[in-house]
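Have a look at the structure below and keep it open while you read. A few exercises follow, each with a solution to check yourself against.

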Amino acid sequence: MHSIEKIGKRFWYITPISETDRPILGMVVGDHKTLMIDAGNSVNHAQYFQEELSKKQVPKPDLVVLTHWHWDHIFGLAELTNTVSISSKETKEEMEKLIHLSWSDEALEARVKEGTEIEFCANAIKKEYTDHRDITIVLPDLVFENYVEIDLGGVTCIAQHVGGDHASDSVIVYIKEEKILFLGDCIYPDIFSKKENYTIHGTLKLLDLLEAFDADTYILSHWKPITKKEFNQEVTMLRTIARLTETYSGKQQEIKEEYEKYVKRELSEDEMATITNFVNGY
């Protein structure tokens, strides 16, 4: 089940659901305008978020920023007809490629077979869209190349293109006065390649960009808000495993042994998966 949560004075969000791949959606409430972060994986997802917020006297969004082109972040845009949508130029270009696609079970299965869709996403679409599959790709109204600053009245949002392995068009949203950094999926690995992976260069470049922001809270779209301490722990793990991958030329056993010495304990499932991802991307 979803729940609606609030952080600080001006930021609301809806918790994710993994089964149907519904990510966290955010809402920043300014004195003059309201900004939604990501459109959701369906019209139902976007509708539910707005309906639940209206019970808390939060107005409907004037603007929506998309963090990247993946289906679970954009399919709800068809619901936001009175909202000005904003994305990076690259996000719009990737979305244009989806317009002609069919989303029937047969079409999804065919794309999984040819390697242009992944099974997890295909299954999640089938679970989210049980009654009908009338999916409309709505393109964003405004695009930017590097970053855009949005004054909502009393609160400023900076949407910045950061890229990364998960999606080269990834955008983060920094809610300046609240010190919240909405990461979307940018810190996750590339899940669309034959083998899920992180690249050394892509990861380190991304982390440099993210660490430049003065944030206290970080929102990961398919997980939860985390503290600065938790974010720094994640960054340290990624940087250390990236460095070891380079030092040991992608040799998994040697990377694992050295990282165990570094943390002085047995590795967690997450750490083991991260090592595998860096090895795959080497």
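This is a predicted model: local features need pLDDT of at least 70, side-chain atom pairs count only at pLDDT 80 or more; totals for chains, interfaces and linings use all residues.

Residues are numbered from 1 along each chain as its sequence is written, and side-chain values use heavy atoms, with hydrogens and water left out.

**Exercise 1.** Check the length of helix α1 (residues 43-54), then work out which of its residues are buried.

*Solution.* Helices here are DSSP runs of H or I with at least four residues, strands are runs of E with at least two, and both are numbered from the N terminus. The expected span is 1.5 Å times one less than the number of residues.

Next, burial: buried means under 20% relative accessible area, exposed over 50%, and partly exposed in between (1.4 Å probe, protein chains only). In α1 the buried residues are His 45, Ala 46, Phe 49, Gln 50, Glu 52 and Leu 53. Looking down the axis, they fall within an arc of 165°, so they line one face of the helix; the arc is taken from the directions from the helix axis to the C-beta atoms. Those buried residues pack against β1 (4-7), β2 (11-14), β3 (25-29) and β4 (34-37), with contact meaning heavy atoms within 4.5 Å.

**Exercise 2.** Do the length check for α7 and find what its buried residues pack against.

*Solution.* With 20 residues, α7 should span 28 Å, and its end C-alpha atoms are 28 Å apart, which agrees. Among its buried residues are Phe 231, Val 235, Met 237 and Leu 238. The partners of the buried residues are β11 (180-184), α6 (200-211), β12 (217-220), β13 (225-227), α8 and α9.

**Exercise 3.** Describe the largest pocket.

*Solution.* A pocket is found on a 1 Å grid over the protein atoms alone: it is an open set of points where a 1.4 Å probe fits, with protein on both sides within 12 Å along at least five of seven lines, and lining residues have an atom within 4 Å of a point. Grid points are joined across faces, edges and corners, and the volume is the space filled by probe spheres set on the points.

The largest pocket holds about 1100 Å³. It has 37 lining residues, with Tyr 188, Leu 220, Trp 223, Glu 234 and Asp 270 nearest its centre. Elements giving two or more residues to this lining include α2 (71-74), α5 (119-128) and α7 (228-247).
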